[in-house]
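Subject: Structure handover

Hello,

Here is the structure I promised to pass on. Please open it alongside this note. My findings follow below.

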2 protein chains.
Amino acid sequence: MRNVVVGGAQMGPIQKADSRSQAIERMISLLDQAKLQGCTLVVFPELALTTFFPRWYMEDQAEVDTWFEREMPGPDTQPLFDRAREHAIAISFGYAELTPEGLHYNTSILTDREANIVGKYRKIHLPGHSEFDPERDFQHLEKRYFLPGDMGFPVTRTMGGIFGMCICNDRRWPETYRVMGLQGVEMVLLGYNTPSVNSQRPAEGPADRLFHNRLSLQAGAYQNSTWVVGIAKGGDEDGFPMIGGSLIAAPDGKIVVEAKTEDDELIVHACDLDDCTFGKKTIFDFARHRRIEHYGIITEQTGVIEPAE
Amino acid sequence: MRNVVVGGAQMGPIQKADSRSQAIERMISLLDQAKLQGCTLVVFPELALTTFFPRWYMEDQAEVDTWFEREMPGPDTQPLFDRAREHAIAISFGYAELTPEGLHYNTSILTDREANIVGKYRKIHLPGHSEFDPERDFQHLEKRYFLPGDMGFPVTRTMGGIFGMCICNDRRWPETYRVMGLQGVEMVLLGYNTPSVNSQRPAEGPADRLFHNRLSLQAGAYQNSTWVVGIAKGGDEDGFPMIGGSLIAAPDGKIVVEAKTEDDELIVHACDLDDCTFGKKTIFDFARHRRIEHYGIITEQTGVIEPAE
């Protein structure tokens, strides 16, 4: 048995006017709850320190940059790292990263139980668009504010297992899980901010959005025989509702725990990494069953090429 | 609107002692039902003409070959093609194929509404094993009796849309759907024979097996915005129970109809191929969102390579 007691720290809304330190205070409070419940790893959402700012159209780069972190930890986030070290809890959370070279990424990190950063990931599948889109009910400007990640999907050995990360829309793409699965991933940590309504199809509401969230996470878990920990920032941010639905999916694809609110809420499960072994050695023994000679276009071809009429 | 009225022709068990013509008689009866319900396409299971013979260990190749078809249509199957032509119903079904060169495949075909074969697929992800395995509760010798398919995952333009096929265990592999998705597939036809119990883990019973079936089909449909038609041979074949659970999943991943029995049963749904468009043009617009520069190991590497300790 290789138990990791995971605390999934769903967060309720963060308003545009809220400060970093207000968010950090809430994260520390969730960390304290997690300590009481014996957690050794706590996972927070995507862009955990601020509102989901890509819904706001901005033209002034200086204004855009106010949503980004130039160092990690920095003055605002240091108290979170300090508390995590004190509790001996590894943490993972997402934030907007501005590099010394001036590059912008939607990033998440993973620390060990001494609060050292041991893993970093930059979001690859950026949804949305880069220019103001009058056809949408609201904006989703991730392609405007972020570059696609440049690190691939790395995995990290820590806490006796193999951990990977992805962020929000990455979870809908089977390639995300497979690239990590091919590196033996045993737990995928992912945060998300998902509007409760599809901005391009108003009829697609929260029930559908939660269904697609579950479907993507459960399939990724099952098809790679890995734990998947998906943690939302939910609730109403300045009039824009987002789904909660944070959940942990087991390596057999089943949901073992799921959030009940759209607010700050800790979901806890003792995840045995050894539960990954059966699937990885039988039905999803990649070495025995995959046939890469027939997968070529997955990596040769980005878009659809239909057969001739 | 581009409606295809699909009849999913689930079949109950075929015993080892049953003849091809007994199976064909049942298939024709399902075809007649489908005609009455206005179907334009009927999908039958994997290895629809015989029992699921890979559960039987055989050493004599001549005996093995009795389960295979040397021509399609052949004398036994011609009546099925004739009735399909008469009803103007396209059909798809699976059978064991022995080629003139002596090669063995687990194959499925698709005809147009004039009973001309317009698509062919040979199963790529063969599950199971090739030698007698005393550790299993029962045998699953697909790797013994079949070669892995050599045709890739081709798609076919017919009936106003783009159709693809896969077979049974293929459905658990996201690569299957993605290779077809990259060719613009709008409907994936797949037959299966799935034991109700995992031969390597008796605790994994029919509820789990049905759950994994649904999960795989729904995820494949959603993530490629395609219809998926999954049709079982179910019920008890000579003491070996198999799940039914035939279903049709819509391009948004939702199940629109599902079989209620483990016996011969027709499920019917009018599938509008235009329902694929929204997903393919928005969240799963591959050309805009996929990042093949980070998918390399999916096609470079068959098995798992873990990071260094």
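A definition first: two strands count as paired if DSSP finds at least two bridges between them. Bear in mind that this is a predicted model.

**Strand S4 in chain B**

S3(B) and S4(B) make a hairpin, with five residues between them. In its turn, B:Gly102 has a positive phi of about 85°. The pairing of S3, residues 90-98 of chain B, with S4(B) is antiparallel and rests on seven bridges. One of the paired residues is B:Gly94, whose bridge partner in S4(B) is B:Ser108.

A second hairpin follows. S4(B) and S5(B) also have five residues between them. Here B:Ala115 sits in the turn, with a positive phi of about 70°. S5 covers residues 117-122 of chain B, and five bridges join S4(B) to it, again in the antiparallel sense. B:Ile117 in S5(B) stands opposite B:Thr111.

How much of S4(B) is covered? Eight of its eight residues, 104-111, are buried. In a regular strand the side chains alternate between the two faces of the sheet. On one side of S4(B) are B:His104, B:Asn106, B:Ser108 and B:Leu110. On the other are B:Tyr105, B:Thr107, B:Ile109 and B:Thr111. Both faces are covered.

Chain A has a strand S4 at residues 104-111, with eight of eight residues buried. A:His104, A:Asn106, A:Ser108 and A:Leu110 point one way. A:Tyr105, A:Thr107, A:Ile109 and A:Thr111 point the other way.

S3(A), residues 90-98, pairs with S4(A) over seven antiparallel bridges. A:His104 in S4(A) is the bridge partner of A:Leu98. The two strands form a hairpin with five residues between them, and A:Gly102 in the turn has a positive phi of about 85°. Five bridges link S4(A) to S5(A), residues 117-122, and these strands run antiparallel. A:Lys120 in S5(A) stands opposite A:Ile109. This hairpin has five residues between the strands, and A:Ala115 takes a positive phi near 70°.

Helix H5 of chain A, residues 174-181, is another covered element. Eight of its eight residues are buried, so the rest of the structure largely encloses it. Among them are A:Glu175, A:Tyr177, A:Arg178 and A:Met180.

**Helix H1 in chain B**

H1(B) runs from residue 20 to 36 and has 17 residues. From first C-alpha to last it reaches 25 Å, close to the 24 Å expected at 1.5 Å a residue. Its buried residues are B:Arg20, B:Ala23, B:Ile24, B:Met27, B:Ile28, B:Leu30, B:Leu31 and B:Ala34. They lie on the same side of H1(B), because they cover an arc of only 160° around the axis.

What covers that side? The elements include S1 (3-10), S2 (41-43), H3 (78-87), S3 and S14 (265-272) of chain B. The face turned away from the buried side carries the exposed residues B:Glu25 and B:Leu36. After H1(B) comes B:Gly38, with a positive phi near 80°.

B:Ile267 lies in strand S14. The cut-off for buried is under 20% relative accessible area. B:Ile267 counts as buried because its relative accessibility is 3%. Leaving out residues up to four places away in sequence, its contacts include B:Val6, B:Gly8, B:Ile231, B:Leu247 and B:Val257. B:Thr51 is 216 residues from B:Ile267 in sequence, and the two C-alpha atoms are 22 Å apart.

B:Ser225 is in the loop between H6 (206-224) and S9 (227-232). B:Ser225 is also buried, at 2% relative accessible area. Which backbone oxygen does the side chain of B:Ser225 reach? That of B:Cys276, at 2.9 Å. B:Ser225 also touches B:Pro251, B:Asp275, B:Gly279 and B:Lys280, again not counting residues up to four places away in sequence.

**How the two chains relate**

A rotation of 180° superposes chain A on chain B, with 0.0 Å of shift along its axis and an RMSD of 0.0 Å. That is the relation of a two-fold axis. The same surface serves both copies, as 99% of the contact residues of chain A recur in chain B.

Best wishes

Notes. Residues are numbered from 1 along each chain as its sequence is written. Chains are lettered from A and ligands numbered from 1 in the order in which they are written. Side-chain values use heavy atoms; hydrogens and water are left out. Copies are superposed by least squares on the C-alpha atoms of residues with pLDDT of at least 70 in both. Contact means heavy atoms within 4.5 Å. Buried means under 20% relative accessible area, exposed over 50%, partly exposed in between (1.4 Å probe, protein chains only). Helices (H or I, at least four residues) and strands (E, at least two) are DSSP runs, numbered from the N terminus. The expected span of a helix is 1.5 Å times one less than its number of residues. The arc is that of the directions from the helix axis to the C-beta atoms. A polar contact is a pair of N or O atoms within 3.5 Å; within protein, one must be able to donate a hydrogen and the other to accept it, and residues adjacent in sequence count only if both atoms are side-chain atoms.
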